[in-house]
Every structure is written in structure tokens, then in C-alpha cells.
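Open the model in your viewer and keep the selection panel at hand.

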Amino acid sequence: MLLFDILESLRSALRSIRAHGFRSFLTTLGIIIGVAAVIATVSIIQGLQFSINEQFQGLGTNSIIVQSFNTFERRLQGIVARISPSDFELLSRVEGIATISPIIGGGGSQLRYGSQVYATQITGSTYSYQDVAQVYMKYGRFLSDADDITRRRVVVIGETVRENLNLPENPVDEYVRVGDEWMKVIGLAEEKGQLFGQNQDNFAIIPYSTMRSIAGNQNELDMAIQLTLGNLDQMEAVQDQVTALLRNAHDIEPGEDDDFQVRSSEQLTDTFNNILGSVTFVMGGIVGISLLVGGIGIMNIMLVSVTERTKEIGICKAIGAKRHQILLQFLFESLLLCLLGGLIGLTIGYGIGLAASAAIPDFPRAVVPLWAVLLSFLFSAMVGLVFGIMPAAKAANLDPIDALRYE
Amino acid sequence: MSLLRIENLSKEYQMGDNVLRALDGVNLGIERGDYVAITGTSGSGKSTMLNILGCLDRPTSGRYILNQKDVSQMDPDELAEIRNREIGFIFQSFNLLPRATALDNVVQPLIYQHLPRAERIRRATEALQHVGLGARLDHLPNQLSGGQRQRVAIARALVTKPSILLADEPTGNLDSRTTIEIMRLFDDLHAEHQTIIIVTHEAEIASHCHRIVRLEDGRVAEDRRNRELA
């Protein structure tokens, strides 16, 4: 019997929503906007997270990155933090590491080929950097160990650099001028496109030792060091060892803070995910408030609707409607309104997410996780129930005589 | 055995410091198939009587036995059930649901009886045909004339096959020609042995009934057979 009442209440709630089409839409607008905001935010952030995780997958879980680290205050005091080539040599003796790649992110430098001049980012590193940067060759080869040992004047370039220098389709064995040195192009990397609006094909990589030898003042050099471990179990031991060695080398007193960071790639991903997580959380809070406001809007309109339909409620009671039947009808009306709002909001939100990620070049595609969908529906339903119960109870408890007399 | 019996029934309202006694020890019995008019001037207790007879309100004291059931102390949901099954209301202002078609209006009380949809529609259609509106099932109330609306209301009252048809000034909002039509419909229903109680202050309407109960100051002042018809 209750099931029957529920079905009938649903039917009459639907009829009522349809009868007040425009008002129903306005009523549920708060929910629509709230849910759309949740879904848009979540879908964009999830897309970002997805792609960041994909990016870091290339680093492997068994790698460690060592970078200089300086607080803003210390920088103001004129203290410089850097990882120097001697640190690199020091760390190459650490036990348990499989490979070690120095990465010198030299500032921009000019490349010249014929009459073409093009400025790009020059990185100095070794053959193991190929895995780090995930550079795959289209023509030629990547740097080799021998290139580094003998300080060969060779360079690996990206597609953008080739294009801007007007180099031939296959630029291998051409000579370009890097800064003041002539260098032979030994490889052209495959095109990667853009990530977060950043061109990923605009680079030139030369051997680490070559970089060191041509970089003017070696003392000013700040570099990053990437280690890979032979055995994942040694992660912590290696991290500790690296920290101890560097603190010693940098003359850091006990109690003072490190002027460098030792982070595993997992920690790096975690950091990113933490940031994204707190952004999601904050957005969730804002959105929660907007849903609350939407819910109050629904309650308001439902109360108006109860008052407006007092006479109808009286008629229904006179012809035999019981309290729970009236209650169910109004409760379902607000529940349905909220769920419909949730559905519309979901569609709009996903649309916004897709549009936003499409509008920003090479931004990762928006992804709507199932939990967000379920959560927004659950939340909508809850808003409908919580804010619908008071108007519905008010309607159900009306005195039939008073309700009939109401004009 | 009477269809309904009222014993020493009183209804009091608290009006500030004063107690207003709308009904004061009323005794009344109504038989199955009766055609009764309850009349009286305004303030005589007619409306209160109607509300209690229609189970919309409960008496302060006394008993109201309807179909051998004491309904005077039932709770609101039990009263709703009685209203649904035993009583068919007809109001002065029709009281149709404005956004529902004639058919949906008549179907409504059957929903509260949990009848399956097909059955509801069949019975509602029958009831509407019975009052001569078989061709207007899909009209909304505002697409119908006053007389037609009242016929829809009568169909809605009849569709549950109630023990009592309870009409409150049923022709108060109608012109004289429509009034005659509606009263003829009541006469016909009476001929089909439907128990009818009409609350009215119009002598003209009361004259259709076979029994006239006149209230005065909350008491039965007169209870007589209609001699013209007898």
C-alpha cells in the first residue's frame, strides 16, 4: 500500500512540476548551478590529476630528484642555495644508486643556423636523461656516455627548434652555433605537442660536461640531480645518505634547515596531488554553500507552493487524503525537483568542464569520476528531502476545514 | 437501524474568554435513502453540523454513529478514511482541483482507495457519464460552465459509492436555470436510493427534500416531513 502511495505521489508530483514548468526551473536553479559547479570543478581537476600522474609515471617510482631549495627570507638575506657539480660528483659515490643524471637547466641561449637565430632552453645532461625527460628520437641518436666523457660539442634538438632554425627535415650532422660554440646536431626528438600550454618541443640538450666547460662561471651553476635506485627498498636509506652528504658538503649546522630538497618522484606526485586535493576540497566547500543556498531556495518555493495550494490540499483531505499521502506528494515534489536539478547540473557541469579543457590548448580532457556523480545526486536528494520535509509536514498537518476555507 | 445517528451532540468553540456553543445537545437520526435538508439562518449551527456530519470536525461531546461506527472520537487519518469511503462532498464553490481534468478530478478519491489505474478510470468515466458529462472528460474546470463544474463535483462525490451525499449550498453559485438542473439531478439520485443531505438556507432548495431539519441556536427547532411531497 505504501508503494502504491509512493507511485501515485510520484505521478502527481511530476504532474505538478510540469504544470509549473518555468517556476520549477527557477526553483531548482540553485541546485543546477551548485551541481554544475561541482562537476565542472571536479572534472577539470580530475583531468589535471590524471595527466600529472601520467607525466610522472615516466620518472619511475624508483627515482629521486635532488634540487636546491631556498626560502624567500633567506633569499632576501642574500643567501644562495645551489647544487653544484661537486655535489654531483659527491653523490655519484652513494651506494645503492643505479644511475645518476645531472641536469643543468642553463638559461636561454641563442642557436644559429645559417642566417636563422633562435633562442631556446639549453639543458646539460647525460644519456640517462633520456628516460627522465622521455625524449624519443625521430632521427639520429641521444647523447651517449662517450659524448659526456669527451665533452663532445653535440646537441639534441626538438622539433620547434629545428623548424625555427630552418634546418632540413633530417637535421642530423648539420652544425649549429650554440652560444659561441659550433655543435653538431646528433638527434631530433619526436614531436610531443603541448602540455598546459607549454611547448614541449622547444629544447636543446647538450652533454653535461660540455655544458660545464662552456658555462662561464661554474660557481654560479645550480643544477638538479636525478638518481635512480637499483632496489626500491633502499629508497629511504639513499635519501638519508644523500641528505647527510649534502648537509656536510654545504656546511649546514645541526638544527639548521636544508638548503636543498631530496624527493622521490612519488613524493613529487603526492605533493601535486595534495595541492589538487586541497583545491578540490576548497571548491567543494564553496559548492556546498551554493547547494545549501539552493536548498533554502527550494524550501522557500515549496512553502509558497503549500500556501498557494492550501485550498487544493483541503479538497484532497475532504475527499479522503490521509496525512502521509499529502506528505509524500510534497516531499516527492521537492525530491524530484532536486534530482532533476542535479541531472541538469551534471550535464551542464560536464559540458563546462569539456569546454574549459578544450578552450585551453592541450589542457587534459575533463574526467568526471563516478563518485562525483553519485555524490552530487546523493547531495541533491538530501537537499530535496531535508528542505522538503518542513513544507510537506506543514501541508500534511493542515486542518481540512481551515484549508477548505482558505482563499 | 439508522444509517447515521447523532446523540446529544455538542460543539463548543473558545472565542477569547467566551465559549461559543455552536451545537447544543443535538439528537438526530437519518435513515438510508433519506433526502434531508438542513436549514437555518446563518449562525444557527448549520456549517458546524455539516463539518461534523462530513467528518471534517469532531464534536466536543456526544456521539456520532455512522454505519454502526462511532466516528466522534476517531483520529484524523481514520476520519480521512471515513470521508473517503462513506461521504461524498458537494460544495457551494465546487472545489475542483484547478489543474486536473474532469476525469482526473473524479479519479482523485479512488487513488486514496488504492484502486488500480484502469479500474479508477473506468469508474470515474462511468460516474461522469452518469451526471451527463461523458463528452467532457478531458476538460479542465475553467473550460466548463458552473453547472458542468458542479456535475463534475457530483460525479467525484458519487464515484466512491458513498453512504451519504453531503451537499453544502450546492446551488449557491449557480443561476436559476442551472439550479433547476442540478436539483433535478439530486432528485434523480434520490430516486436511485442515494442518501442525500443538503445544507441550505434557501427554502426553494429545501422544498425538494423529503425531510426538513431546521436548526436554531445550535438546536433542532423543527424536524418535519415535507408535506408537499409526502
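Start with the largest nonpolar core, which has 119 residues. A nonpolar core here is a set of buried Ala, Val, Leu, Ile, Met, Phe, Trp, Tyr and Cys residues joined through C-beta atoms within 7 Å; buried means that 20 or more other C-beta atoms, placed from the backbone, lie within 10 Å of the residue's own. Select I39(A), V106(B), A155(B), L166(B) and I197(B), the residues with the most contacts inside this core. Its largest share, 13 residues, comes from α12(A); helices are DSSP runs of H or I of at least four residues, strands runs of E of at least two, numbered from the N terminus.

The model is predicted: local features need pLDDT of at least 70 and side-chain atom pairs 80 or more, while totals for chains, interfaces and linings use all residues. Residues are numbered from 1 along each chain as its sequence is written, and chains are lettered from A and ligands numbered from 1 in the order in which they are written.

Next, centre on L166(B). Leaving out residues up to four places away in sequence, L166(B) touches L50(B), L53(B), G54(B), I87(B), G88(B), F89(B), I90(B) and I197(B) (contact: C-beta atoms, placed from the backbone, within 7 Å).

Now show both chains. Their contact takes 18 residues from chain A and 19 residues from chain B. On the chain A side, α11(A) gives the largest share, five residues.

Finish at the open four-stranded sheet of chain B, antiparallel and ordered β2-β1-β4-β5 (strands pair if DSSP finds at least two bridges between them). Its edge strands are β2 (18-30) and β5 (69-70) of chain B.

Methods. Contact = placed C-beta atoms within 7 Å. Buried ≥ 20, exposed ≤ 12 C-beta atoms within 10 Å, placed from the backbone.
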